[in-house]
Amino acid sequence: MTAHAIDATATRQFGDNRSMRPANTSAQTLTLTRPDDWHLHVRDGDALHTVVPHTAAQFGRAIIMPNLRPPVTNVMQALAYKARILAAVPEGMTFEPLMTLYLTDHLPPDEIARAQEAGVVAVKLYPAGATTNSDAGVTDVRKTYKTLEAMQRAGVPLLVHGEVTAPEVDLFDREAVFIDTQLIPLRRDFPELKIVFEHITTREAVQYVQQSDRYLAATLTAHHLLFNRNALFTGGLRAHYYCLPVLKRETHRQALLAAATSGSAQFFLGTDSAPHPVHLKEHASGCAGCYTAHAALELYAQAFDSVHALDKLETFASFNGADFYGLPRNTGILTLQRAPWTVPDCFAFGEATLKPLCAGETLSWRVVNRQSLWGITATSA
């Protein structure tokens, strides 16, 4: 990773979130091995033509979440979905969608062998009702044990949305309770099953992963590194900061950022970028999900820069995930430049409109040639 010196550029502060404040750093450019996104939602249909180019402009590969309607529960569906995604990759860009299956109470164990043969890389566990399009999710993890046994034998990772959904559990405690009641017993019963604890949000989750063995890793989103739960309410109720798992207290955000910048191989990038049309976000019962694919690397750079850890970004974004999945690291490069630019207010999203996280705000880092995608230019702060 290389860096060249200039004065730090002032950046607009976002609410009451310390990590959006500029660090006193001297890096002007940052060149790193092309990264991967190990947790991504791209939806389907016309929407693909907006969101897939945003991701393909930065990442070499991405783990594609299977929570469509209906969910992707077999190899044929996964391969058909992959073809639709590839058809939305702009000419001249190289991008590989890494497909997953949606774990249900009834996913047959023999589907795992077919998935592995077809290049499907993982299986996703959504507790029923935990998040968007999780209605068909797992009602009792014990019902999936034969399939999990097949995954452990084959070395196919299990990707976990780690929250309980019992109504008596406080929303902000769902992740910690999941560790105690679900994840610890699961790992005891399947000690060599590779598990990714996705989009962790709490100090308890960080500590649990740090104390675990090589079969457990975790992804971290940019928005959970940058924002605490105050962002949901600064100046009013801000729907575009609502995600699941929800943003947590500042103490948890600090623990997540420390983990991301620690250099530990157990933590890696997963945006959980989750697009929804504006009319469904800005709604009395707004959808959960933050859209960050438009500026994913810029947002992560801002977070790492805030604690003077830009030298740790490449390991987190480009190496750790590939190593955990047993895939080769990418060979291309991506360059970020310290040059203020304004995030677009919205994007076309099929016949609807998509509002990105930090719309209309100024970010201090941008991917070089970003303007070729949207026709935007860097602006003065």
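Modeller: Start with Gln210, which sits in helix H6. Helices here are DSSP runs of H or I with at least four residues, strands are E runs of at least two, and both are numbered from the N terminus. The model is predicted, so local features need pLDDT of at least 70 and side-chain atom pairs need 80 or more, while totals for chains, interfaces and linings use all residues. Residues are numbered from 1 along each chain as its sequence is written, and side-chain values use heavy atoms, without hydrogens or water.

Is Gln210 buried, exposed or partly exposed? Gln210 is partly exposed, because its relative accessible area is 45%. With a 1.4 Å probe and protein chains only, buried means under 20%, exposed means over 50%, and partly exposed lies in between.

Now see what Gln210 touches. Beyond its neighbours within four places in sequence, Gln210 is in contact (heavy atoms within 4.5 Å) with Gln266 and Phe267. Ser264 is 54 residues from Gln210 in sequence. In space, the C-alpha atoms of Gln210 and Ser264 are 8.4 Å apart.

Step back to the whole helix. H6 covers residues 203-210, and its partner H8 covers residues 250-260. Their axes come within 8 Å and cross at roughly 30 degrees. That makes H6 roughly parallel to H8. Axes are lines fitted to C-alpha atoms over the stretch in contact, with angles from 0 to 180 degrees between N-to-C directions. Under 35 degrees is roughly parallel, over 145 roughly antiparallel, 65 to 115 roughly perpendicular, and the rest oblique.

Which residues of H6 and H8 meet? From H6 come Arg203, Glu204 and Val206. From H8 come Thr251, His252, Ala255, Leu256 and Ala259. By class, the contact of H6 with H8 has four nonpolar, two polar and two charged residues. Nonpolar means Ala, Val, Leu, Ile, Met, Phe, Trp, Tyr, Cys and Pro; charged means Asp, Glu, Lys and Arg; the others, Gly among them, are polar.

For contrast, take Leu32. Leu32 lies in strand S1, residues 29-33. Leu32 counts as buried, at 1% relative accessibility. Thr315 is 283 residues from Leu32 in sequence, yet 9.0 Å away in space, C-alpha to C-alpha.

Finish with the whole protein. The protein has twelve helices and 14 strands. Of its 381 residues, 59% count as buried. Take contacts between residues at least 6 apart in sequence: 73% join residues at least 24 apart.
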